[in-house]
Amino acid sequence: MLDAIRAAGTISRVGLISVTGFTAPTISNLVRKLIDEGLVVETGHAESTGGKRRVLLRLNHTSRYAVGVCLGQGVMTYVLTDLTGVVVARISRPGVGAEAPATVVTRIAAEIPTLVDSVGVDRARLVGVGLVFPGPLTGRGVAGLNPELRHWREFPLGAALEQATDLPVVLDNDATAAALGEHWAGGFGTASAAAALYMGSGLGAGLVIDGITYRGPSGNAGELGHVCVDADGPRCWCGARGCVEAVAGPAAVVAAGRADAGLAGALGLTTGTGPAAVARDFAAIGRAARRGQRRSLALCERSARYVAAAARTLANVMDLEVIVLTGPGFAVAGSVYLPVLRQELHTVFSRSAHAVDVRLSRSAATASAVGAAALVLESELVPFHRGLRVSESLDGEFAPLPGSAR
Amino acid sequence: MSTTSAVGLVLARAPRLLGAEPFFMEFISGIEERLAEHGRSVLLHIVADPAAEIAAYRRWAQLRLAEAVVLVNPTAGDPRPAVLRELGLPVVVAGEPDGDAPAVRRDDVGSVRAAVAHLAGLGHRRIARISGPDTLRHTRTRTAALLAAAGPAGIDAVVLTGDYSEESGAALTARLLRDGDPPSAIIYDNDLMAVGGLDVAGELGLTVPRDLSLLAWDDSSLCRLSAPQLTTMSLDVHDFGELVAGSVLALLDGAPVRERWCPTETVIVRQTTAPPPGGLE
Ligand SMILES: [Zn+2]
């Protein structure tokens, strides 16, 4: 219901009946309830088509707010969005590094009121916190598959943050959240099968099928980074061979750039390990590629060919209509990757039935934090589309960890 | 970690101008990259109007949430510097300052001259420019520079005022092209308006650049992804942000802050500028 009003922008009660399929009395009651709660307001009249004029409804943007947090090793991004998912404030803070999970939770719980106060919003209007992180999801928290996040493995992140903030907390992985954010922003258009390709410290994808994010039974759907593009390729940190992330992900691009002494000197590439240093150096290479610097362009285009092959695989498997490139990696280098992906997607199997539209997200740099906020809005206000609410999934089991079976 | 380790930046814009994001996100990422090295962050607040922007500064000063402010889009008769002074919030202006506030300037005059020289060199004699809002100082500076450069070069120049949105770029381009004596080249003050103009030109049956040349500002991904690719002015938005961060850090260290300048922009020739129909006159 709220989702239908949000998606439409403005809509009449009659319009809601045809969109939702509910009866007129049901719509009338629900709308009254939403107006009483202050979530929806009446806003003028629709063009009359003969007969009586219809009152239009829209969401009351400033009636509720949500916090989205993207937890990363190098940087943590916080956004505050209004009820429609539009960003009102944003701040980045140092990433979790090697900090203990409990310390990080304390830090997040202290940052959230600061962000809310900076905008002058009454804290009572917060519906909750969406928290996303790179890597797969379990019922309780971070799976800790990613080598640098291994010490988070048994930590009940969601429950701890709910306790520290006294707010509902919803967890998801960064790529799925980015896909939801893109869906809210209208970036997928009317497509019934769409994916957000997310490039952060690694490579992932979030799927939106018939307007709903598809997570799979363990939150591991769309792990694009671990699609095999070379059966004899290098061993990936996940334990498998030839994953696109290992062959051509941001870390692979940076490693190749650093190995080229001339390029490393010209761009000031570091020797630092860890995702923060990799992200910084990938951005430097991506910006140089955009300026047309030959060696950087070659590195990005090589990476793009492999990413494109993986994207074509995903499109073939899911019969995708739209692919949106998003995340900090594509925010910098998306214009270099996009033409290569478009070219590759011309050869998709479904091409005689429909093309695959490949686009660059308009909010690539903050996509996952924005999506995290959308996640909690959806979970608190649109119960049918519920994500993994922490308080209801406390007995969720951890997903099997391929990394530990090496 | 102190709650005052943030540098504030308020962006006042209509919600429908969401597309302004590529420019500002890149600008902010440039600021953030430098500040992060010193343990500082950018607090970005997006508001709908100038009154809300000033309210935000008052709140930040009162709650000590920002230790300095980056002021963007300086306007003529800008009320904000006086408010910030009164509040004791140190400020760095991104653009042309009012008085002696520390600033990082863009060489709008030199850049406009380069744009005009490029088009004049191709043989264009009727040039239009679709500008940003004319309340902005840099819009006025560019307009004055355009008119000053056009006359001596024998160029007839007109300026229409847009609002940076793709829609305004499209609508104003259509108005120019439906005119009895349309320009042979159009300069846009940003990337989005140029993308809108390129679309409209196609809809009106014109082939760019054979029938019409287009020159965009703010070299973003949009300019490289359009078909044909847009010729643009070369402002490196990320570097602009880094320069601003440098001034902020100096200001917070209590060091004297000299005025910094972005390099004068040059024309990045891609696929949307060519000699006018009929060639050189
Ligand atoms: Zn793998």
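**Entry 1. H6(B) and H7(B)**

I looked up the handedness of the crossing of H6(B) and H7(B) in this predicted model and found it right-handed; a crossing has that hand if the near helix is turned clockwise from the far one by less than a right angle, and is left-handed if anticlockwise. I took helices as DSSP runs of H or I with at least four residues, numbered from the N terminus. Helix H6 covers residues 166-178 of chain B and helix H7 residues 191-203 of chain B; their axes come within 7 Å and cross at roughly 45 degrees. This angle makes H6(B) oblique to H7(B), because angles under 35 degrees count as roughly parallel, over 145 as roughly antiparallel, 65 to 115 as roughly perpendicular and the rest as oblique. The axes are lines fitted to C-alpha atoms over the stretch in contact, with angles from 0 to 180 degrees between N-to-C directions.

I then noted the residues that meet, contact being heavy atoms within 4.5 Å. On the H6(B) side they include Gly169(B), Thr173(B) and Leu177(B), and on the H7(B) side Met193(B), Gly196(B) and Val200(B). The residues of this contact divide into eight nonpolar, five polar and two charged. Here Ala, Val, Leu, Ile, Met, Phe, Trp, Tyr, Cys and Pro count as nonpolar, Asp, Glu, Lys and Arg as charged, and the others, Gly among them, as polar.

**Entry 2. H2(B) and H3(B)**

I next examined helix H2 (residues 50-63) and helix H3 (residues 80-87) of chain B, whose axes come within 10 Å and cross at roughly 15 degrees. H2(B) is therefore roughly parallel to H3(B). Among the residues that meet are Tyr57(B) and Arg58(B) in H2(B), and Val83(B) and Glu86(B) in H3(B). I recorded six nonpolar, no polar and four charged residues in this contact.

**Entry 3. Cysteines**

I counted zero disulfides over all chains, a disulfide being a pair of cysteine sulfur atoms within 2.5 Å. For Cys262(B), the nearest cysteine sulfur is that of Cys223(B), 17 Å away. Cys262(B) counts as buried at 5% relative accessibility (buried is under 20% relative accessible area, exposed over 50%, partly exposed in between, with a 1.4 Å probe and protein chains only).

**Entry 4. Ala245(B)**

I placed Ala245(B) in helix H9 (residues 237-252) of chain B. Ala245(B) is buried, at 0% relative accessibility. Beyond its neighbours within four places in sequence, Ala245(B) is in contact with Ile31(B), Arg34(B) and Leu35(B).

**Conventions**

Residues are numbered from 1 along each chain as its sequence is written, and chains are lettered from A and ligands numbered from 1 in the order in which they are written. In this predicted model local features need pLDDT of at least 70, side-chain atom pairs count only at pLDDT 80 or more, and totals for chains, interfaces and linings use all residues, while side-chain values use heavy atoms, with hydrogens and water left out.

Definitions and conventions: Helix = DSSP H or I, 4+ residues; strand = E, 2+ residues; numbered from the N terminus.
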